[in-house]
Amino acid sequence: MPQRHSKNNNDLAFFTYDEKRKLGYGTQKERLGKDSIKPFDACSLCLKPFIDPLCCQKGHVFCKECILECLLSQKKDIQRKLAAHTGQQKQEKEEEEERLMLQKARELDAFDQQNHGPVPQYNDKNYNRDKNGFHGANSVKATSYEEEALRTMKAFWLPSATPDAPAKVEAPSTSTTCPEGREKIKMKNLFPIHFTEDTSAQKKHKSLDKSFICPSCKVTLTNTLSLVALNTCGHVFCKKCAEKFVAVDKVCVVCDKPCKDRNLVNVEKGGTGFAAHGDNLEAKDFKHLGSGSGLGLVRPAMKT
């Protein structure tokens, strides 16, 4: 017979800590591995090794084909939203004009009945007359809003006649955004970058994958190094060489093209496997129990 322990005690009216963990209840934490981190030489959209890389002013790297397709789809989406917003404004204007015409027609009809009708209409608050022609204190005077509501009321209990709220289309932004940093971006703000490939015979013999080096110190570029690109010529250096040579001499080490401090762009990357790198490498997800299912239903992850 098993001992009575918190892990074996399952006859309580509430879930114990061990039962919650087994069912996946609560905030689950998991450290991200190497496969979950984007390499520095991968496109931020397709997550594959980039082809003809383009970089924005915030340091996000994309394939040329991927970023062009993304910006084109954004422009098409903006045009579609603008057309929907313009059509909604036109419809609202027509409805407002129609409402004003109906209101004016009602006022003219009321004025005509007041002056030329067989029985005069009274506007006294103490003298009420309903639409059936009865006088007295018990008769109810329906306002124009109530009559309109009664006339246009739909049978809400029938699925085919259920009234629906009109969808309000807001005016969209006309500027395209970076898919990674969400800042405003244009095609003219992107610049091509050039990595120096390691062509040594020893590296060719060891691996068939491409590896890149800093053109100044010849160190192999990895996610452990901070990278800097020049938006004037596109050459990429490690941050130490960029601060030691490029920022001081105001000239590119590879092509001798003049540059300034504002031309240095820090290249964004996925990080490393060490927490000291400064990146958030722990994923959190909250799960709650389904009603009577005994299974954990996933809710959108909470970012911290």
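**View 1. Strand E9 and its partner E7.** Strand E9 (residues 264-267) has a covered face, made of Val265 and Val267, and an uncovered one, made of Leu264 and Asn266; helices (H or I, at least four residues) and strands (E, at least two) are DSSP runs numbered from the N terminus. Strand E7 (residues 227-230) is joined to E9 by 4 bridges in the antiparallel sense, where two strands pair if DSSP finds at least two bridges between them. Within this pairing, Leu230 stands opposite Leu264 in E9. The model is predicted, so that local features need pLDDT of at least 70 and side-chain atom pairs count only at pLDDT 80 or more, while totals for chains, interfaces and linings use all residues. Residues are numbered from 1 along each chain as its sequence is written, and side-chain values use heavy atoms, with hydrogens and water left out.

View 2. Three strands form an open sheet in the order E3-E2-E4, with antiparallel pairing. Strand E3 (61-63) and strand E4 (191-192) stand at the edges, and because each has a single partner strand, one side of each is left without a neighbour in the sheet. Helix H2 (residues 64-116) packs on the sheet and touches E2 and E3, its direction making about 90 degrees with that of E3 (axes are lines fitted to C-alpha atoms, for helices over the stretch in contact, and angles run from 0 to 180 degrees between N-to-C directions). Strand E2 (residues 53-55) pairs with E4 over 2 bridges, and the bridge partner of Leu54 in E4 is Pro192.

**View 3. The largest nonpolar core.** This core has 35 residues, and those with the most contacts inside it are Leu190, Ile193, Phe195, Leu221, Leu227, Leu230 and Phe237; a nonpolar core is a set of buried Ala, Val, Leu, Ile, Met, Phe, Trp, Tyr and Cys residues joined through side-chain atoms within 4.5 Å. The elements that give two or more residues to this core are E2, E3, H2, E7, strand E8 (236-238), helix H5 (239-249) and E9, and E7 gives the most, with 4 residues. Leaving aside neighbours within four places in sequence, Leu190 is in contact (heavy atoms within 4.5 Å) with Leu54, Cys55, Cys56, Ile67, Leu71 and Ile185.

**View 4. Two residues with positive phi.** Arg182, in the loop between helix H3 (144-152) and E4, has a phi near 65 degrees, a positive value in a residue other than glycine, and is exposed, with a relative accessible area of 61%. Lys250, in the loop between H5 and E9, has a positive phi of about 60 degrees although it is not a glycine, and counts as partly exposed at 34% relative accessibility.

Technical notes. Buried means under 20% relative accessible area, exposed over 50%, partly exposed in between (1.4 Å probe, protein chains only).
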